[in-house]
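This report treats a protein–protein interface and a protein–DNA surface. The structure is shown first.

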Number of protein chains: 2
Amino acid sequence: MRLTTKGRYAVTAMLDLALHSHQGPTSLADISKRQEISLSYLEQLFAKLRKHELVSSVRGPGGGYKLSRESESIFIAEIIDAVNETIDATNCHGAGNCHKGDVCLTHHLWSDLSEQIHQFLSGISLADLVERNDIKAVADRQDAQERAQHEQVLAVIN
Amino acid sequence: MRLTTKGRYAVTAMLDLALHSHQGPTSLADISKRQEISLSYLEQLFAKLRKHELVSSVRGPGGGYKLSRESESIFIAEIIDAVNETIDATNCHGAGNCHKGDVCLTHHLWSDLSEQIHQFLSGISLADLVERNDIKAVADRQDAQERAQHEQVLAVIN
DNA sequence: TATATATCCGACTATTTTACTCAGATATTA
DNA sequence: TAATATCTGAGTAAAATAGTCGGATATATA
């Protein structure tokens, strides 16, 4: 099982999308700036998210990505599944042939753990995260930073 | 967060130790044969397990490793912690400085997930696993295989 | 219709981690 | 003293991660 930057980036980007969903499609360039994730890397991740029909794209100026469903019915487990192969903790990916063609000594333990993690992460939707106060606070801070940067750019130009 | 072969090997080896604890210290060579884990790799893992005082060693012939505590008070989370750095799912390892010196958008989610996994894995002791019927069945099968192999060796010698 | 903006796509690469191997030192029992 | 084991450190192949780079394609707008 893996939970690395890749899965975290994907969830972060999807949450950023959910937070800004009211203002039309969001470009990866915007997400890249706000969340400090390389644009090219985001493109790779969104190719996978699009294949799994979690987002849809609008090409051209003013375009970007939007959630392909309402945020209430997009669950964290789906996002991680889309970019990482799986959140399965067993070595045999559930096949049960991990030791000489049969289950290994600890197969059932990892199987239980996988179930536990999967239940936890598929019980949380993007909408749930958007509603959380601790996350709202972080989002507000990030938006304020973005506006401040924008004003600085304007000041330099004028 | 990672849960790969390394952590699984460590738990499997510790469980093997618990299952054979009544017959004195168990050599890594025995575990290597039963669980099909490379001896040299086991040596590396047990160096860490020993540093974390989960096992103690007896050198010389007839020696091997034994649990340094009773199996009731050795928990799976400890074993994984000992060989993997951590089972923390956050990028900042709990420090809260994952985004421009502050917490990132999804910090609290990963923090909650880590807590969830940690609670699950520290609620399970080696003794719990030894008592599980599905695991007993696997252990019995492995012991039977070992005896059969042993008899084959004897037959070849004689 | 030109231009800028954005998604799309594939190939390539540096770094890190995993999962080992190997050589040998050290301790202990018989 | 010989065999058995733990110990230790260094090295290494393969895989995954975390990107970069160059360019093609679609589309809104001036």
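The model is predicted: local features need pLDDT of at least 70 and side-chain atom pairs pLDDT 80 or more, while totals for chains, interfaces and linings use all residues. Residues are numbered from 1 along each chain as its sequence is written, chains are lettered from A and ligands numbered from 1 in the order in which they are written, and side-chain values use heavy atoms, leaving out hydrogens and water.

Arg8(A), Leu105(A) and Leu109(A) supply 18% of the area that chain A buries against chain B. Four salt bridges cross this interface (a side-chain nitrogen of Lys or Arg within 4 Å of a carboxyl oxygen of Asp or Glu). One of them joins Arg132(B) to Asp112(A), with the closest N and O atoms 3.0 Å apart.

Of the 25 residues around DNA strand D, those that come nearest are Thr5(A), Ser38(A), Arg59(A), Ser57(B) and Tyr65(B); a residue counts as near if one of its heavy atoms lies within 4 Å. Individual distances follow.

| Side chain | Atom of DNA strand D | Distance |
|---|---|---|
| Ser38(A) | phosphate oxygen | 2.6 Å |
| Tyr9(A) | phosphate oxygen | 3.1 Å |
| Gln44(B) | base nitrogen | 3.5 Å |

Methods
A polar contact is a pair of N or O atoms within 3.5 Å; within protein, one must be able to donate a hydrogen and the other to accept it, and residues adjacent in sequence count only if both atoms are side-chain atoms. Buried area is the accessible area (1.4 Å probe) that two parts lose on being put together, summed over both.
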